[in-house]
Amino acid sequence: MTAIKHALQRDIFTPNDERLLSIVNVCKAGKKKRNCFLCATVTTERPVQVNVVKVKKSDKGDFYKRQTAWALRDLAVVDAKDAVKESPEFDLHFDKVYKWVASSTVEKNTFISCIWKLNQRYLRKKIDFINVSSQLLEESVPSGENQSVAGGDEEAVDEYQELNAREEQDIEIMMEGCEYAIANAEAFAEKLSRELQVLDGANIQSIMASEKQVNILMKLLDEALKEVDQIELKLSSYEEMLQSVKEQMDQISESNHLIHLSNTNNVKLLSEIEFLVNHMDLAKGHIKALQEGDLTSSRGIEACTNAADALLQCMNVALRPGHDMLHAVKQQQQRFSDLREQFARRLASHLNSVFVQQGHDQSSTLAQHSAELALPNHHPFHRDLLRYAKLMEWLKNTDYGKYEGLTKNYMDYLSRLYEREIKDFFEVAKIKMTGTTREGKKFATLPRKESAVKQETESLHGSSGKLTGSTSSLNKLSVQSSGNRRSQSSSLLDMGNMSASDLDVADRTKFDKIFEQVLSELEPLCLAEQDFISKFFKLQQHQSTSGTTMNEVEEMDGIALSRSHTSGVPQTVSSEKDMIRQMMTKIFRCIEPELNNLIALGDKIDSFNSLYMLVKMSHHVWTAQNVDPASFLSTTLGNVLVTVKRNFDKCISNQMKQMDEVKISKKSKVGILPFVAEFEEFAALAESIFKNAERRGDLDKAYIKLIRAVFDSVEKVANESQKTPRDVVMMENFHHIFATLSRLKISCLEAEKKEAKQKYTDHLQSYVIYSLGQPLEKLNHFFEGVEARVAQGIREEEVSYQLAFNKQELRKVIKEYPGKEVKKGLDNLYKKVDKHLCEEENLLQVVWHSMQDEFIRQYKHFEGLIARCYPGSGITMEFTIQDILDYCSSIAQSH
């Protein structure tokens, strides 16, 4: 270990100006043994720095390297594990606990002892040495050769004392007197020794000579002691005299302390009294206002509001500990409670009277609006009541029971008032829609559908439930009264009389305006009432971030609209929003049933009205959701929109069903089918109604369903037709459909438009080929035989050698078809086509031109066969292509 110590001192610590004082060979506890050394070192420069250094052997050689160093001042605890039993384990607590196992107990004890001595000598820091034997912690260090490393060299350093200036000067004078001292140190030392002996002798003689003076000094000291005793006696007497004065001064000091304590208590008491007086004293004017204030005038309401606020401040003052135990405070609090109860009761009674009076006042104005499609204005009533808004807030904060009672009473009174107003309003709307007066008399301007409409209106007026949009007796009566072509089949949209008539257009326009006016009157009424409720009853009205969107309505057939609350909104805000919605629902509970009744009536009058209602209702729902998607208005209109959408879907489904059940007369030609013409009317009207509408997607879906049903029904009727050829039915109707879609330019039906055009083209060609057939029948049979021989392998130029197909036989067949016969056959064909086709679609010339082209094609085919099979024979047809053109043209002009 000594060799290692010298090696470490030489290689590691000497270059860093450090001295190694103690070393211990250790390894980490609990891990694979990798030995290293813990070294206790001090720096050679002052101030001295004491460190604990970890040194380990390098992996690349036999030399040692410095790994970690800790300052001894950072050491907190030295734990030797056991003070009695010998154990090589110990812990050093620096920034964390380092657990070590020494190679021997002796090395561990020596290292710990060195640490303790270094701490005592340089740091004087409180390091806890626990589980360490007391023998190792000795403060005194023995002298001699066995002195510890920590003591020997360091004490030797401290025994050296630097010469002061006086000593340096004396040595210089002495050395100047002995110039040879530098050359002969021994002679100089002998001289100094002789002079020291002389000085010692002089000192002894001086001491002996001063004995007499010592005796004199001793006598003087004795006399001084006697004088001191006398002074002490006098001081004792003075102290006894001052003892009474001290007692009196103590009494005065205690009295001053009591006076100061009394003054302090008086100041604190005055502060508490001033606090109670300033914060719990209500002015007489406020008390009078609360007890007798006028709640009908603006000035009185303002005085009562200020008094109520002052009372609330007095009641809500934060009392200091102990105040609530004072009798006066209890009395004042009871007085405040009585005032609050009295004023709250007076305020609630007054507001209930105002609510009742409002109901009477508004009822008197209903007669003015009975014949007008307008709702009474509640703004003056709201304006008068808003003067009490601050008092309502006070009542909400102080007496929630009375506030809740007022809220209930307001809902009861106003719900009855609004119910009368809204029912009368809808009564007027229904009368204007149906064209009847309250007594059942008809307006002279609308003579049609009178009895049926009257009957339906009376049944609606007597019913409070929902009405469906199914086909009514009104529609059936209208269909039966129609004397035109549509009486042969069920109407596609069941619209009464002629759906394209000016009267129907006027009725629909009138219904659209009435329905729009109804919604336009309801919206501001609901919004104004909701705004008033939030302001008067002091309820929060924040816009929600969630709710049922317009697209969700499409998926909610059969399910009422419901809206979720925003999870991020505080509970108080959410509950107040719910309260607003509940109050609005209670007050306007009749709006939704009345709207549903009006929608059912409009649907019964004319099923096309569902288109108008869907567009208008969608627009108003979209507007309401932009304002507040969770409001009562948005929710109600959304629910009604579901009903309108359901009626619209039911209307489309009924028409598809009616198309499937359509029957065509067997004795007359078909022509343009009724539902094809009515689809055109439906599409034209729908495009005008849904222009720039929010619910365009609903119409596009209905278009797809209807057009597919029309296609299928046309196919079905064409297959069942007996009077008119199938191809004619298909050709004319799909031509009409194609023309309609081309004119209206409905983007969602582009594929159906192409399909209609294709079907029209295919069936036109099929009809031409079928109708034209073989106008030169014998000639056609002859050339079919020629083609058969060629197909069997006979060369075309050798066909004329066949007995049945020689030139003589060909000339016989050609002679049977002179120009006159051909023209006659074409004339008969034209008449036949004219009987098949209808005048509405005007396809006769198109079909005739196609037949002309087909006939010319057959003629050219025959000429080609003659040229190839009978070359050089000079055989030709008895009429030319120009003759065919002239025949067709003259026939068309003659008809």
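## Basis of the model

The model is predicted, so local features need pLDDT of at least 70 and side-chain atom pairs count only at pLDDT 80 or more, while totals for chains, interfaces and linings use all residues. Residues are numbered from 1 along each chain as its sequence is written, and side-chain values use heavy atoms, with hydrogens and water left out.

## The chain as a whole

The protein chain holds 29 helices and eight strands. Helices (H or I, at least four residues) and strands (E, at least two) are DSSP runs, numbered from the N terminus.

Of the 895 residues in the chain, 43% are buried; buried means under 20% relative accessible area, exposed over 50%, and partly exposed in between (1.4 Å probe, protein chains only). A contact means heavy atoms within 4.5 Å. Among contacts between residues at least 6 apart in sequence, 70% join residues at least 24 apart.

## Helix α29

Helix α29 covers residues 881–894, and its 14 residues should span 20 Å at 1.5 Å a residue; the end C-alpha atoms are 20 Å apart, which agrees. The expected span is 1.5 Å times one less than the number of residues.

Ile884, Tyr887, Cys888, Ile891 and Ala892 are the buried residues of α29. Seen down the helix axis, they fall within an arc of 125 degrees, so they line one face of α29. That arc is taken from the directions from the helix axis to the C-beta atoms. Gln893 and Ser894, on the other side, are exposed. The cover over the buried residues includes α27 (819–836) and α28 (844–869).

## Packing of α28 and α29

The axes of α28 and α29 lie 10 Å apart, at an angle of about 160 degrees. This makes α28 roughly antiparallel to α29. Axes are lines fitted to C-alpha atoms, for helices over the stretch in contact, and angles run from 0 to 180 degrees between N-to-C directions. Angles under 35 degrees count as roughly parallel, over 145 as roughly antiparallel, 65 to 115 as roughly perpendicular and the rest as oblique.

Residues of α28 that meet α29 include Trp848, Phe855 and Tyr859.

## Packing of α18 and α20

Helix α18 (residues 591–605) packs against helix α20 (residues 632–660) at an angle of about 25 degrees, with the axes 10 Å apart. That makes α18 roughly parallel to α20. In α18, the residues in contact include Ile591, Leu595 and Ile599; in α20, they include Phe632, Leu637 and Val640.
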